Amino acid sequence: MNRDTQIFDIIARERERQMKGIELIASENFVSDQVLEAMGSVLTNKYAEGYPGHRYYGGCEVVDEAENIARDRLKQLYDAEYANVQPHSGAQANMCVFMACLRPGDKFLGLNLSHGGHLSHGSPVNFSGLVFQALDYSVKESDGRVDYDELEQKARAERPKLIIAGASAYSREWDYARIRRVADEIGAIFMVDMAHPAGLIAAGLLDNPVKHAHIVTTTTHKTLRGPRGGVIIMGKDFPNPWGKTTPKGEIKMMSALLDSAVFPGTQGGPLEHVIAAKAVAFGEALDPSFKVYQAQVKKNAAVMAQAFVDKGYKVISGGTDNHCMLIDLRTKFPDLTGKVAEKALVAADITTNKNMVPFDSRSPFQTSGLRFGTPAITTRGLKEDRMLQIVDFIDTVLHAPESEANIAAVRAEVNRMMANYPLFAW
């Protein structure tokens, strides 16, 4: 069979794009060579519906070992009692929790999408908003932080069956303990989607929601620096959503419900090559060097956020506790949309994404904001001094986003800088 040069040329071009540019999308990272190797392994050939020791196909003895290692490492990483590593994505992990804990039409409460929440936390175009009755809480306009008073008031008034903490564009630590108290008060299940800060949490740099929440979901990429995928974990404290079960049986019962919601509820055969890559990434996260890396992610984000503030940009909430920040362009460039800004920066080989800001005056297709994150550039080896240089690059582009000459000059500087930070061993 002839080599598919058309596709492999595209892969080569994407490799080149990743190497020469500055990657600032908060949900992206660069996996290790051994994670790539596991993903591209012969495990992709194996069909393995079911769970280790309980498969619907023969010949699963070897992949069972890999999946068990993934589960054990994940539990160790977050001090969890239960782990399911089969969800294909974070959104599917969230869907499985909904299926296990709610019935169609049930109420749940999550952070407003335009205030930093996630599509799968109640957007009307997503399964979460289509099948269930989505309620939302906000951030405060005064300081850009979660309005816990509003959350509590809505929870008491509406009595949702599920409360979700977690976001896709929120830069501050969460008060998990406070949300758990109100969930207990109204008899709701408390779920945390820690997809963005999962790596920082694994490194002990942010509070571990497994200590507070009934159920926790996450992606395995982003700060966790693994393959694209999702997982579900639980600690030792879970109430039966329908009550009347003995404490000893609660975890076992919910484990069965969650396992069934993943397979056969929403998925067929698991991606055993991706699960092996997840296991590799979890092993890397258990290594002491991962804490050093995550500490640098956090330092870089803090320096970058302050550099934006120093140049007159509005950083939502005034800074960051994690790996990301959300910039409101309107204070410095009132007429510049996130869409135009993103396009200009991408042309300069600085990759970011337009993003709604709280109380945005523009549509989701235009936006008034940009979201930035430091996981990928930290993986490349960049440190605090380079954050100041990157903000200079961004500011230069945004001052003249229609100028091709301006963009070309910044792009040349970006490419020269990134040539000093090799990415792939092959």
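User: What makes two strands count as paired here?
Analyst: Two strands pair if DSSP finds at least two bridges between them. Strands (E, at least two residues) and helices (H or I, at least four) are DSSP runs, numbered from the N terminus. In S9, valine 216 is the bridge partner of valine 192. S8 and strand S9 (residues 215–219) run parallel and are joined by three bridges, so they pair under the cut-off of at least two. This is a predicted model, where local features need pLDDT of at least 70 and side-chain atom pairs count only at pLDDT 80 or more, while totals for chains, interfaces and linings use all residues. Residues are numbered from 1 along each chain as its sequence is written, and side-chain values use heavy atoms, with hydrogens and water left out.

User: Why is strand S8 called largely enclosed?
Analyst: Buried means under 20% relative accessible area, exposed over 50% and partly exposed in between (1.4 Å probe, protein chains only). Five of the five residues of S8 (residues 189–193) are buried, so the rest of the structure largely encloses this strand. Ile189, Met191 and Asp193 point one way, Phe190 and Val192 the other.

User: How do you know that aspartate 147 has no salt bridge?
Analyst: A salt bridge needs a side-chain nitrogen of Lys or Arg within 4 Å of a carboxyl oxygen of Asp or Glu. Lys and Arg count as positive, Asp and Glu as negative; His and the chain ends are not counted. For the buried aspartate 147, the nearest side chain of opposite charge, lysine 140, is 5.8 Å away, so no salt bridge is assigned.
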